[in-house]
Every structure is written in C-alpha cells, then in structure tokens.
Amino acid sequence: MRIYAWASSLVYCFGIPAALWVALYRHRHELNPPKYEDEARAVKARMKNKKLLADPVIGLALPYKPRFWWYEVYTMGRRLALTCVVLIFKSLGSVTILVVSVSFVTLVVERECERPRASARPTRREAEVKT
C-alpha cells in the first residue's frame with residue numbers, strides 16, 4: 001500500500017505539472033509569437049490560431065500574457081506546495097515557515113512578472129510608457 005501511495009504522490013505532484021509544462025513548451029512559439037513585440041498584437045494573433053483554441057490543455061495558458069505561457073505550471077506548483085507539502089511537517093512552526101516562504105516567493109514572482117494576466121489593466125508605469 002505504501003508503494004502505491006508514493007507512486008500516486010509522485011505522479012500527482014510531479015507528473016501532472018511536468019506533463020502540462022511539456023504540452024505548453026511544445027506550443028511556446030504559438031503562445032508567444034516571436035515576430036510580435038506588442039503584446040496586444042500577439043494576443044490577437046494567438047486568438048486567431050484555431051489549433052491553439054481547439055486544444056483544451058493549451059487553453060490553460062491563454063488567459064496569461066504571451067510571454068508568461070508557463071505561468072499556469074507555476075500556479076499549479078504553488079497550490080501543491082500550499083496544500084500537499086504542508087502535510088509533511090509535524091509542527092505548526094514549520095508549516096508557518098513554509099507558507100510564509102511560498103507566499104513571499106509568489107509575491108516576488110508576480111511582481112517581476114508585472115501582472116501576468118492578459119486581461120489585467122495596465123500599471124501606471126505601463127500607461128506612462130505608452131504616452
């Protein structure tokens with residue numbers, strides 16, 4: 001029974017995110033078209049691509065800006081860290097350190113990515129650059 005539990009844990013915690021990353025990586029040039037420097041034009045171009053729109057797995061990357069095609073894999077890893085990895089620790093202090101660490105890393109990644117969602121309003125800095 002323990003072997004089955006470990007195998008299931010490995011498949012769920014590492015296999016599914018890895019399979020999603022491989023599927024998205026194969027289509028990275030269509031998700032983030034290299035010939036478009038403007039994100040709005042790149043989003044329009046990939047929304048016209050019927051092959052991308054027909055694939056439900058690729059649909060997980062479409063809400064994000066083109067250069068953040070990998071962000072759903074990161075989100076999945078963060079969720080697994082906050083729900084599954086917490087069960088490994090026995091003391092409340094260890095769990096608290098893990099949650100604060102994951103939250104801090106998430107804050108840094110989202111700050112560096114500058115709003116990874118394609119539908120997000122532009123930041124003030126982005127609006128100033130356009131004018």
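Guide: A helix in this predicted model is a DSSP run of H or I with at least four residues, numbered from the N terminus.

Visitor: How do you know that the end-to-end distance of helix α5 agrees with its number of residues?

Guide: Helix α5 covers residues 71-83, which is 13 residues. The expected span is 1.5 Å times one less than the number of residues, and for α5 this gives 18 Å. The end C-alpha atoms are 18 Å apart, so the two values agree.

Visitor: What separates Y71 and Y74 along helix α5?

Guide: Y71 and Y74 are three residues apart in α5, and therefore about one helical turn lies between them. An α-helix has 3.6 residues a turn, so residues three or four places apart point the same way.

Visitor: Why is the aromatic pair of Y71 and Y74 called tilted?

Guide: The ring centres lie 5.5 Å apart, and the limit for a pair is 6.5 Å. Ring pairs link Y64, F68, W70, Y71 and Y74 into a cluster.

Visitor: Which residues of α5 are buried, and against what do they pack?

Guide: Y71, E72, V73, Y74, T75, L80 and A81 are buried in α5. The buried residues of this helix pack against α1 (2-26) and α6 (92-113).

Visitor: What makes R28 count as lying over the face of Y25?

Guide: R28 is 3.8 Å from the ring centre of Y25, and the distance limit is 6 Å. R28 accordingly lies over the face of that ring.

Terms used
Residues are numbered from 1 along each chain as its sequence is written. This is a predicted model: local features need pLDDT of at least 70, side-chain atom pairs count only at pLDDT 80 or more; totals for chains, interfaces and linings use all residues. Side-chain values use heavy atoms; hydrogens and water are left out. Helices (H or I, at least four residues) and strands (E, at least two) are DSSP runs, numbered from the N terminus. Buried means under 20% relative accessible area, exposed over 50%, partly exposed in between (1.4 Å probe, protein chains only). Contact means heavy atoms within 4.5 Å. Rings of Phe, Tyr and Trp (its six-membered ring) pair if their centres lie within 6.5 Å; planes under 30 degrees apart count as stacked, over 60 as edge-to-face and the rest as tilted. A charge sits over a ring if NZ of Lys or CZ of Arg is within 6 Å of the ring centre and within 35 degrees of the ring normal.
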